[in-house]
Amino acid sequence: MIIKAPKGTDDITAQDSYIWQFMENKAQNLFENSNYKEVRTPIFESTELFHRGVGDSTDIVNKEMYTFVQKERSLTLRPENTAGAVRAYIENGMHRLPSPLKLWYKGPMFRYERPQGGRKRQFHQVGVELFGIQEAIADAEVIKLAMEYLDELNIPELSLEINNIGCPECRNDFRDKIRNAVQPGLEMFCADCKVRYDKNPLRMLDCKNDTCKELLDTDELKETINSDYICEECSTHFDNLKKYLNILNIKYTINKKLVRGLDYYTKTVFEITSNNLGAQNAVCGGGRYDGLVEMLGGKHTPAVGWAMGMERLMAIMPTPEPNKIKAFVVSNNTYKALELAFKLRSKGISTDFDLLNRKFVKQLDKASKLNADYAVLLGEDEINSGTVTVKNLKTSEQHTLSQDKIFDIIEY
Ligand code: ATP
Ligand code: MG
């Protein structure tokens, strides 16, 4: 019996890995260029971290975690990376570094969900977190960074939705208002929503269940949602964010039903969706989480960040050009071929050569098949005279020159 990869996971094959590298390199260049430093946290964490850091009323914690017990310790494969980044921030005393502290990460996340297009059990995220700034300029910076990244990947037709879900104080009031508004029809809501009603009624607003959506479509609820429950500080913050987005020329719509799946958000939440994906159309989700650092045992630290799903980005971005080698050494002297290939490689010129010592013409064929820019020919004549013939495979132009002049033609 052939053993297959677990359901909901994918291999990244040799043919495709360059696409991942392309996306990761773009992320690294853009984020480091913006003074974000990479953080790498463990793939598994104490289960408790996600209970406290992601929240007990979330789908992630309730249904989607891969949890296992080892020597009586409960551990969980990370379903997201904000909780881990915050834990690492506190544990490593990163609050003592100059503020603001800007972090980015990339890597696999794990959620036990029904696999379908754009929904995997092991998937990959790239994300940023900005610690230490409570003003809306930080929200604007991370949103702009998300837009820049999507632009670098040449992804068209995206929509940004933003909302302000307030702070724990103003939200309390809002929670009660929602409870009152949905209470009459509560029996008809889905089982998840009945639990949300008690734990976090805001989350009922973005339930994907069709019956729930209909039940929420009442005038009373619309009025409740549109009522101004947000306190002055939170609304000023939101107004400021909108000013920054306008100045940056970033188009957005306000979606008052956007509450996002995670419990830790405060004030700003946002989502970027693609018009070219099916049901799973969210490519980026994020928001402000001013209470999380404290909730996980650190000093009160405002923070804001986002995460993007790399598989979903890949599905809508134009496929980049594959990596190819620059030079292919063609020779029937295996010793000399090996030596010259490494000489070229040592100068950063991507090079391969024939390990099977096939006929000269076969080797030349191979160079063309690999789409190399140059074939570097080392025949008997060349070896005897200490020269090399460099053939440009695009133009078929060729020059014989002394070996130490080779880099005059093949640039690095
Ligand atoms: P969704 O609406 O798809 O359930 P989410 O709200 O659970 O998304 P977040 O926790 O905000 O997602 O994660 C950020 C991004 O990670 C999402 O916008 C999406 O692009 C991606 N993502 C989340 N879950 C998966 C998954 N199971 N498979 C692939 N990508 C995912
Ligand atoms: Mg989800």
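How far is an oxygen atom of ligand 1 from an N or O atom in the side chain of Gln-125? The distance is 3.0 Å, and the views below start from there.

This is a predicted model, in which local features need pLDDT of at least 70, side-chain atom pairs count only at pLDDT 80 or more, and totals for chains, interfaces and linings use all residues. Residues are numbered from 1 along each chain as its sequence is written, chains are lettered from A and ligands numbered from 1 in the order in which they are written, and side-chain values use heavy atoms, with hydrogens and water left out.

View 1. Lys-120 takes part through its backbone, where an N or O atom lies 2.9 Å from a nitrogen atom of the ligand. The protein buries 89% of the 580 Å² that ligand 1 exposes when taken alone (accessible areas by the Shrake-Rupley method with a 1.4 Å probe; for residues, only the protein chains shown count as cover).

**View 2. The shell around ligand 1.** Here you can find 14 residues surrounding the ligand, Arg-111, Glu-113, Arg-260, Ala-282 and Arg-312 being the closest (a heavy atom within 4 Å). The shell holds 5 nonpolar, 3 polar and 6 charged residues (Ala, Val, Leu, Ile, Met, Phe, Trp, Tyr, Cys and Pro are nonpolar; Asp, Glu, Lys and Arg charged; the others, Gly among them, polar). Strand β10 gives the most, with 3 residues (strands are DSSP runs of E, at least two residues, and helices of H or I, at least four, numbered from the N terminus).

**View 3. An open, mixed sheet.** Its 5 strands run in the order β13-β12-β14-β15-β16 (strands pair if DSSP finds at least two bridges between them). Strands β13 (351–353) and β16 (398–402) are at the edges with a single partner strand each, so one side of each lacks a neighbour in the sheet.

**View 4. Antiparallel partners of β15.** Strand β14 (374–378) pairs with β15 (387–392) over 4 bridges, with Tyr-374 opposite Asn-392. Strands β15 and β16 share 5 bridges, and His-399 is the bridge partner of Val-390. In their hairpin, with 5 residues between the strands, Ser-396 takes a positive phi near 65 degrees.

Terms used:
Polar contact = N/O pair within 3.5 Å; in protein donor to acceptor, adjacent residues only side chain to side chain.
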